[in-house]
Amino acid sequence: MNIRLFNTLTKRIDAFSPLDPSRVRMYSCGPTVYDVAHIGNMRAFLLPDLLQRTLRVVGGFDVSWVMNITDIDDKTIRDSAVGSEKWRPEMGTQTTDALANLKMLTAFYAEEFHRDLASFNIVKKHFAAQPLATDYIPQMQALINDIMSSGYAYVSEGSVYFNVSAYAKRHEYGRLFAIDKENFREGVRIDADEYDRESVSDFVLWKARKDGEPYWDYDVNGTNLPGRPGWHIECSAMSKEILGLPFDIHTGGVDLRFPHHEDELAQCTAGYHEHDQATFWVHNEFLEVEGKKMSKSLGNFYTMRDLVAKGIDPLDVRYAMLQAHYRSVYNFTFDIVQGATTARKKIQDYVYDVKERSSFVEREAEGADPVAARVLRTTVFTELADDLHTPKALAALFSFMSQHSAAMLSPEEALSVLGVLSDINDVLAVFEISDRPVVIIPDNVSAIAQARWAARTAKDWSESDRLRADLTALGWTMNDGKDSFTLEPTL
RNA sequence: GGUCCCGUGGUAGAGUGGCUAUACAGAGCUCUGCAAAAGCUCGUACAUCGGUUCAAAUCCGGUCGGGACCUCCA
């Protein structure tokens, strides 16, 4: 099925096709590993996950998905410095080697990051690579050299800056985001750090070494400029090195459009002489919590760990986020996560029912016309293919479920429907295709239930109610059927 | 200050000018000793004022309100 995507470069929804027909190359801006992931991060990582899954399952493409891990920046340096309050014993023992300290802190959080991703069903096998910025310093230096040779960079007090005005004379600066240099907000920080750049809009490619900070030697025309890479240069160098330019899709949060992505693009044009770093740029909107932008000062800041500690299943959060389109601001509330739990369980129960029904046949009948399965696949996939419209995809799924109860499907139909559900879940990843888990009922619970059933059959309501109270106390719910009962653990 | 987006029922959230979004919550019904579960049904929704149109939640303008980016930020 053909996929259509909103492209920030063209500012409209365009039909997608990869430059290399054999595979889609996609790069996502990953986390800076100085802390555990918060739910806003998770929304930003959900987008590329959903996208690569849709490209594979709905589009039928092979996908090479790369997500970088930024392990060198102001925050990681600050928090790994000797004497930092953020240092935790689990990270190891600090030494006088600033780079070693940095590596310990970032390795710790990178590990936490992978755990958070996994809890969100963003799985390792789908990544082609998760490169660390510090492993690509030579490539970054080479790129900076290339940019200097092109005349778009200058050295100032040991740092290297990108010269935006020189670049803008021959290239378009502002392709992803129309900036208005004449009207910078009043009171904007002109130059917060000590580095000396010629123009406010210039950005740093290489930061001069400061005492006590990690650094790499950098030979520029025979002069050593010890220091570390700027923020934007990492992604340009790593995406080129790993995927090659131009590649197909670049993803990130809306906040990265400017300056991060705009600068990445400019660096690739200036240094690699590629007009397009990527042909499609896809950005997810932000998430708010209870109607306000999430921030620590507002007290509405939640990490994944916070939610898990509250007893929330991360997959319910994933489901809740799927109910909103990735390009609209999503309002996260705890009520809605609770609703997501119920809704997701409903889908899961349906899958169990269909699975059970399909177990009566070995394989799909010859020449069978699985109309139901076809309807399900078409309605859901069409929505996903249309700029990842997950709310409509879920709506289509629920409509299908209400029109095709498992009981009215023939076993053959059930089997083909199950196959489609499996494909849908390869994209949404919020339920599981499996047999209904066998509930192990302890003997004492079973005995009480039997006793209650007997009392109930004898119309001894008070005894029946008393025994039900006993079961409730033990954490079990007894559901009376017409001729039999079921027991399930109370959630 | 500049640029831009959004205001939909109790909540979240889709909506391409005329046709049921969907989910959760709630109400009623079926079933039922009571409940639970399941199924069915239901609800004076489109910020506001004006305009365009045979027709506007959907297009245009004003007003009010909220938000984003321009600065580290997912």
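This is a predicted model: local features need pLDDT of at least 70, side-chain atom pairs count only at pLDDT 80 or more; totals for chains, interfaces and linings use all residues.
Helix 9 and helix 10 are roughly perpendicular to each other.

Helix 9 covers residues 314-322 and helix 10 covers residues 334-358. Their axes cross at roughly 95 degrees, and angles of 65 to 115 count as roughly perpendicular, so the pair falls in that class. The axes come within 8 Å.

Which residues of helix 9 meet helix 10? They are Asp 316, Val 317, Tyr 319 and Ala 320. From helix 10, the contact takes in Ile 336, Val 337, Ala 340, Thr 341, Ala 343 and Arg 344. By class, this contact of helix 9 with helix 10 has 7 nonpolar, 1 polar and 2 charged residues.

One open sheet has 4 strands, in the order 5-6-7-10, with antiparallel pairing. Strand 5, at 153-156, and strand 10, at 227-229, stand at the edges. Each has a single partner strand, so one side of each is left without a neighbour in the sheet. From one strand to the next, the twist averages 25 degrees.

Within that sheet, take the pairing of strand 7, residues 203-208, with strand 10. It is antiparallel and runs over 3 bridges. Lys 207 is placed opposite Arg 228 of strand 10.

A second open sheet has 3 strands in the order 14-13-15, and here the pairing is mixed. Strand 14, residues 292-293, and strand 15, residues 330-332, are the edge strands, and each pairs on one side only. Val 289 has Lys 292 in strand 14 as its bridge partner.

Now RNA strand B. How many residues are around RNA strand B? There are 59, and those that come nearest are Gly 40, Gly 253, Lys 293, Gly 339 and Asp 480. By class, the surface near RNA strand B has 25 nonpolar, 20 polar and 14 charged residues.

Last, the domains. The assignment for chain A gives domain 1 as 4-284, domain 2 as 305-428 and domain 3 as 443-489. What separates the centres of domain 1 and domain 3? The separation is 60 Å, taken over C-alpha atoms.

Conventions. Residues are numbered from 1 along each chain as its sequence is written. Chains are lettered from A and ligands numbered from 1 in the order in which they are written. Axes are lines fitted to C-alpha atoms, for helices over the stretch in contact, and angles run from 0 to 180 degrees between N-to-C directions. Helices (H or I, at least four residues) and strands (E, at least two) are DSSP runs, numbered from the N terminus. Angles under 35 degrees count as roughly parallel, over 145 as roughly antiparallel, 65 to 115 as roughly perpendicular and the rest as oblique. Two residues are in contact if their C-beta atoms, placed from the backbone, lie within 7 Å. Ala, Val, Leu, Ile, Met, Phe, Trp, Tyr, Cys and Pro count as nonpolar, Asp, Glu, Lys and Arg as charged, and the others, Gly among them, as polar. Two strands pair if DSSP finds at least two bridges between them. A residue is near a molecule or strand if its C-beta atom, placed from the backbone, lies within 6 Å of it. Domain bounds come from an automatic or database domain assignment.
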